[in-house]
Amino acid sequence: MPRVLSFVCLLLTAALLLPEMAMARDCIGLIPASTSAFWTDLEVGARRSADDLQMDIYTRAPTNEGSVDVQLQLIERVLAHGCKALIIAPAGEAIDARVVARREQGVPTVYVDRSVAGEGAYALVATDNFLAGQLAGQQLAEQLGAGKRVALLRLQPGLQSTQERERGFLLAAHAAGLQVVFDDYLGADRQRMVAALTRMLPELD
């Protein structure tokens, strides 16, 4: 995940330059969206960059993607640990209200991978999710050819990053003549994915 590592390095470097960070060299709180492999890689990059900047990273994450209530609790836990700044992949709009309140108390926050409505965070560090979805659709069309049948496994409604990837994929797939014959939210439940794909594989190319 070199791109993720470089983004997190940029994020921490930018945060270090903020006046509010002058007292925050000891600890930055990192709250990913879940404990999946993607977020584990992001944590590795954050820790590497924090070491370079002589800072500590304190990480707490929900088990399941999209857990707004859990993230709200984790914000308080991270700050109670002594962290003076936050990096968070917000699961929903309620996060921004908390971030605004904490910003007024001198706690700067940077969003990573996704944003939410509002202006609580100082910055967003993310990939172009819409373009990523488009590229996936284009690559699939190049490999399969027009008219082939494909599936879109969606993660969860309301997640800005994955919604943009899904939107980009669908536009590219339809433009290339692919048939999206299965399009459903399956979440991160692997057993549910396996069951759905087992049922759908005979109809997919």
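**View 1. Elements that cover the buried residues of helix H3 in this predicted model.** Among the elements covering the buried residues of H3 (68-80) are strand S1, strand S2 (56-59), S3 and H4, where helices (H or I, at least four residues) and strands (E, at least two) are DSSP runs numbered from the N terminus. The residues of H3 that are buried (under 20% relative accessible area, with exposed over 50% and partly exposed in between; 1.4 Å probe, protein chains only) are Val 68, Gln 71, Leu 72, Leu 74, Ile 75, Val 78 and Leu 79. Because they cover an arc of only 160 degrees around the axis, they lie on the same side of H3, the arc being that of the directions from the helix axis to the C-beta atoms. Asp 69, Gln 73 and Ala 80, on the other side of H3, are exposed.

**View 2. The largest nonpolar core.** This core, a set of buried Ala, Val, Leu, Ile, Met, Phe, Trp, Tyr and Cys residues joined through side-chain atoms within 4.5 Å, has 19 residues, and those with the most contacts inside it include Ile 31, Ile 75, Leu 86 and Tyr 111. Strand S1 (27-31), H3, strand S3 (86-88) and helix H4 (94-104) each supply at least two of its residues, and H3 gives the most, with 6 residues.

**Model and numbering.** The model is predicted, with local features needing pLDDT of at least 70 and side-chain atom pairs counting only at pLDDT 80 or more, whereas totals for chains, interfaces and linings use all residues. Residues are numbered from 1 along each chain as its sequence is written, and side-chain values use heavy atoms, leaving out hydrogens and water.

Key. Contact = heavy atoms within 4.5 Å.
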